[in-house]
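Thanks for coming. I will go through a few local features of one protein chain, and you can follow along on the screen.

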Amino acid sequence: MSKPLCELSSHPTARPFGAADEIGASAPRAGIGAVLDVDLDAIVANWRRLSARAGGVPAAAVVKADAYGLGAQPVAAALARAGCAHFFVAHLEEGIALRVAVPGVAIFVLHGLARGAEAAMRAHGLIPVLSTLDQIAAWREEAGRTGERLPAALHLDTGMARLGLSETEIDTLAGEPERLAGLDLRLVISHLAAAEEPENPSNERQRATFERLRAKLPKAKASFANSSGVFLGAPFHFDLLRPGAALYGVAPRATEANPMAPVVRLSARVLRVATLEAGTAIGYNGRFVTTAPTRVATVSVGYADGFLRSLAGKAHAGFAGRKLPIVGAVSMDMITVDVSALPEGALAEGDFIDVIGGDADDVDTLARAAGTIGYEILTSLGARYQRRWISHLSAF
């Protein structure tokens, strides 16, 4: 990763980041346990790469869950400066917070219109993704009450059975078009259930269902391809791509080389380096016992910071180009790392050692080790880190 040029302060509406970040700070703050660097240039490059992969079909950005744990406001601001005009969040409150950073773009709320949220949705210029007839009715009533034509998107259930209008409900809309009166239908969407499995027949079944169902509705632009869906080919691209995890460096297909640039680097402070005798049990329950004299670094990150407990004995930290095994249990606030492969004195108390990205395992490698997916690794990242958003393309 490139050297940080700047650091953004957190907005009051964003998730708590611990002590206030300082604009322009480029070094870890005194006493901070770990530093999370987020490469905004890499995110922008990934966004452009996905659109290019789809032959120039524009890409939106899914920034729900605080941009998968990486800071929705700075991430969205960087993407908006690069030309991204469409953003997706899950909740109304996420959309309201995001509007502070990106005042002139379309922000879609995937969870639709909660009862009583109509005025707030309209006041902040947000676009609900409506997935029930009741939501459609409530938004139509708000349009009638205000005399405005209100923007909306429709979510169609094509086989995932979570959210979306059923075929019966779509037929109702087709037969009673007045139900959409007062609504400016900006987009029709659906969501792929198995896009990361290119040979899964459900992908084509969903695509065909989407084509058939949207043909019953008023003409509108369509969005279907998530991160992995971009790689399924042109029939899945439609008018707007909707990537999330791939923007943040997660591999769109676990079985293939990752075409996305890495985005995150998590480095944690070394609290102690000690040489332990053979036969020394390390950490809770003595799950790891040294078989020879071993230099071990105790490092300030743990499961309270989102470094998963299940990674004990399966993951690698990194320093000076070397992968270093994590040994013993992952504790709430600490891990222990076998640093015997480093020259003596190369790593000292107070130094920072990579634990995600950089010289350590990347997000997808950690996910495989933990038996999960890269999405969970990113969204588990904790609130105690000093977060630094890095960009050489623009100043903040």
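Start with Arg214, which sits over the face of Phe210, 6.0 Å from the centre of the ring. This is a predicted model, so please hear every value as computed from it. Phe210 also belongs to an aromatic cluster, together with Phe224, Phe236 and Phe238.

How many aromatic pairs does the structure hold? There are seven. A pair of aromatic rings is described by how far apart the centres are and by the angle of the planes. Take Tyr68 and Tyr248: the ring centres are 5.0 Å apart and the planes are at 40°, so this pair counts as tilted. The two tyrosines come from distant parts of the chain, 180 residues apart. Tyr68 is in helix 2, residues 64–69, while Tyr248 is in the loop between strand 8 (221–223) and strand 9 (264–276). Both Tyr68 and Tyr248 are buried.

Phe88 is in strand 3, residues 86–89, and Phe108 is in strand 4, residues 106–109, 20 residues apart. Phe88 and Phe108 are buried.

Phe108 also turns up among the contacts of Ile127. Ile127 is in strand 5, residues 126–130. Is Ile127 buried or exposed? Its relative accessible area is 3%, and buried means under 20%, so Ile127 is buried. Apart from neighbours within four places in sequence, Ile127 has contacts that include Ile107, Val109, Met121, Ala152 and Arg186. Pro151 is another of these contacts. Pro151 is 24 residues from Ile127 along the chain, yet their C-alpha atoms are separated by 5.8 Å.

Last, helix 1. Its 14 residues, 40–53, should span 20 Å at 1.5 Å a residue, and the end C-alpha atoms are 20 Å apart, so the two agree. At the start of helix 1, a side-chain oxygen of Asp39 comes to within 3.1 Å of the backbone nitrogen of Asp41. Asp41 is itself buried, and other buried residues of helix 1 include Leu40, Ile43, Trp47 and Leu50. What covers the buried residues includes strand 1 (34–39), helix 3 (72–82) and strand 17 (386–390). After helix 1 comes Gly55, with a positive phi near 70°.

That is where I will stop.

Technical notes: Residues are numbered from 1 along each chain as its sequence is written. This is a predicted model: local features need pLDDT of at least 70, side-chain atom pairs count only at pLDDT 80 or more; totals for chains, interfaces and linings use all residues. Side-chain values use heavy atoms; hydrogens and water are left out. Helices (H or I, at least four residues) and strands (E, at least two) are DSSP runs, numbered from the N terminus. The expected span of a helix is 1.5 Å times one less than its number of residues. Buried means under 20% relative accessible area, exposed over 50%, partly exposed in between (1.4 Å probe, protein chains only). Contact means heavy atoms within 4.5 Å. A polar contact is a pair of N or O atoms within 3.5 Å; within protein, one must be able to donate a hydrogen and the other to accept it, and residues adjacent in sequence count only if both atoms are side-chain atoms. Rings of Phe, Tyr and Trp (its six-membered ring) pair if their centres lie within 6.5 Å; planes under 30 degrees apart count as stacked, over 60 as edge-to-face and the rest as tilted. A charge sits over a ring if NZ of Lys or CZ of Arg is within 6 Å of the ring centre and within 35 degrees of the ring normal.
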